Amino acid sequence: MIKEILTYDIESNDNPPILRQKLQEVTDFNDEKTISCIQDLNDTLDDLIEKEGNKRGAIGLSSCQIGYDLAISAVTLGTTRYVFINPKLLEENGKRRLFRIGCFSLYKYRAMVYYNDDVLIGYADENGNQKTLRLQGDQSCVVQHEMDHLNGDLLFERLEHKEKDLFVPREANKTFVSGEDFETKRKLGLNEILSTPVYYSSLFNDYTDYVKFCEKEKEENKEFLELIRNKTPENGTITGICDDSGALSILLAKEGFKVTCIQSDGDMLELSKAIAAQNKVSLSFLQSSFIDLSSFNESFDTIFSAHILERLEDEKLLDSLKQGTRFSKKLIFLVPTIEYEGDTLRGDEHLRSISEWEALLKDAGFNIETLKPIDEGRSALISIS
Ligand SMILES: [Zn+2]
């Protein structure tokens with residue numbers, strides 16, 4: 001039977017308690033309730049997939065979302081429908097993966113959530129047979145999301161600031177920046193869009209938030225921009241890796257540099273493109289996941305990045321920088337140091353002190369041209385070649 005999906009309103013205290021409750025282990029696989037729960041999950045998930053197609057990305061559903069208190073989830077992986085009964089995490093490799101996810105019980109929201117990248121799960125199938133399944137990448141994330149439901153956890157439980165880190169995606173919130181609204185907002189002008197890179201459009205509810213954020217960050221960016229300007233020949237080529245607000249790229253392009261702006265967030269990229277076009281600034285945009293330089297086939301005078309590289313462990317970091325030097329004469333980056341105290345850390349950073357940065361880069365054979373503490377030592381401004 002196709003069931004109604006129970007939804008959770010983050011602004012209400014009156015939500016279906018079953019969504020926040022640890023669900024019961026299934027012991028009797030022939031029990032009527034178990035059988036109807038499995039049937040209803042499959043029917044409801046089929047209906048969602050049929051109705052919403054890939055637009056909503058209907059992949060999985062858990063029993064509490066349709067009112068059952070049993071530890072059962074249904075998930076479509078590739079072309080196969082799995083029913084996971086009493087699933088347990090048996091192994092994980094310690095690597096995490098950032099995954100953009102939505103949930104039918106939090107209909108209008110999305111979140112960027114970290115899950116284990118590679119897991120082995122144990123579960124029982126519809127007939128009560130014990131099985132294991134290794135899952136990687138996106139599939140691993142999806143199944144862990146469903147397993148969270150069985151523990152009574154909604155997706156914001158994995159977020160640092162809980163409900164605050166949920167965001168309404170642009171496709172669900174057309175007022176973000178479009179049509180007449182955009183016309184009004186663009187009058188605020190490019191000067192107010194001077195910012196340090198941000199990671200995802202989720203940081204902004206609307207254009208005003210964005211402009212406010214940029215203003216706040218303006219001072220810190222001055223030194224960063226100045227270093228980029230000083231190290232790059234006039235009209236030289238620059239690429240901003242994961243300049244996810246696009247603002248630094250736009251600003252440098254406005255000064256005459258030939259800029260390629262790489263952003264990972266498609267929503268933000270569209271916004272940046274629109275802002276650049278409205279301000280008649282010419283630059284190239286490229287959507288790519290951060291730190292993946294493998295798609296490059298041209299070279300640049302300068303590559304810059306801010307608040308990105310601290311997310312890499314030593315080995316991956318050095319590998320990325322080495323790749324970078326193949327494409328660029330200078331690498332200029334801004335990273336928080338171990339002294340950093342702030343609310344923008346995401347929890348996966350590998351913070352290093354200024355001297356640790358120095359030792360790491362020197363040992364790896366990089367030529368350090370600038371290594372400068374800024375923001376009272378809370379960040380390091382670094383240029384290498
Ligand atoms: Zn869900």
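E8, H5 and E9 make a right-handed β-α-β unit, where right-handed means that, with the strands pointing away from the viewer, the path from the first strand over the helix to the second runs clockwise. Helices (H or I, at least four residues) and strands (E, at least two) are DSSP runs, numbered from the N terminus. The model is predicted, so local features need pLDDT of at least 70 and side-chain atom pairs count only at pLDDT 80 or more, whereas totals for chains, interfaces and linings use all residues. Residues are numbered from 1 along each chain as its sequence is written.

Of the 385 residues, 38% are buried; a residue is buried if 20 or more other C-beta atoms lie within 10 Å of its own, exposed if 12 or fewer, and partly exposed in between, with C-beta atoms placed from the backbone. Two residues are in contact if these C-beta atoms lie within 7 Å. Among contacts between residues at least 6 apart in sequence, 63% join residues at least 24 apart.

Confidence is given by pLDDT, the predictor's confidence in each residue, from 0 to 100. The chain has a mean pLDDT of 80, and 78% of its residues reach 70 or more. Among the elements, E6 has the highest mean pLDDT (97) and helix H3 (residues 179–186) the lowest (33). Over residues 170–202 the pLDDT stays under 50, and the model has 65 contacts beyond four places in sequence for this stretch.

An open sheet of 7 strands has the order E10-E9-E8-E11-E12-E14-E13, with mixed pairing; two strands pair if DSSP finds at least two bridges between them. Strand E10 (284–287) and strand E13 (368–374) are its edge strands, each pairing on one side only. On average, neighbouring strands of this sheet are turned by 15° against each other, direction ignored. Angles run from 0 to 180 degrees between N-to-C directions, and axes are lines fitted to C-alpha atoms, for helices over the stretch in contact.

E8 and strand E9 (residues 258–263) run parallel and are joined by 4 bridges, with Cys-261 in E9 as the bridge partner of Gly-240. E8 also runs parallel to strand E11 (residues 300–306), through 3 bridges, and here Thr-239 stands opposite Ile-303 in E11. A further 6 bridges join E11 to strand E12 (residues 328–336), again in parallel, and Ala-306 stands opposite Leu-334 in E12. H5 lies across E8 and E9, at about 170° to E9. Helix H8 (residues 354–363) lies across E13 and strand E14 (379–384), running at about 165° to E13.

Asp-244 sits in the loop between strand E8 (237–240) and helix H5 (247–254). Asp-244 counts as buried because 25 C-beta neighbours lie inside 10 Å. The C-alpha atoms of Asp-244 and Ala-306 are 9.8 Å apart, although 62 residues separate the two along the chain.

A second open sheet contains 5 strands in the order E1-E2-E3-E6-E7, with antiparallel pairing. Its edge strands, each pairing on one side only, are strand E1 (60–62) and strand E7 (130–136). The twist averages 40° from one strand to the next. E6 and E7 pair over 7 bridges in the antiparallel sense, and Thr-132 in E7 is the bridge partner of Gly-122. H2 lies across E1, E2, E3, E6 and E7, running at about 165° to E2.

The largest nonpolar core has 43 residues, and those with the most contacts inside it are Leu-41, Ile-72, Val-75, Ile-101, Ala-111 and Leu-155. A nonpolar core is a set of buried Ala, Val, Leu, Ile, Met, Phe, Trp, Tyr and Cys residues joined through C-beta atoms within 7 Å. Elements giving two or more residues to this core include H1, strand E4 (96–102) and strand E5 (110–116). H2 gives the most, with 5 residues. Another core, of 35 residues, lies apart from it, and has Ile-241, Ile-250, Val-259 and Leu-331 among its members.

Gln-21 is found in the segment before helix H1 (32–52). Gln-21 is partly exposed because 13 other C-beta atoms lie within 10 Å. Not counting residues up to four places away in sequence, Gln-21 touches Asp-69 and Gly-152. The C-alpha atoms of Gln-21 and Asp-153, 132 residues apart along the chain, are separated by 7.8 Å.
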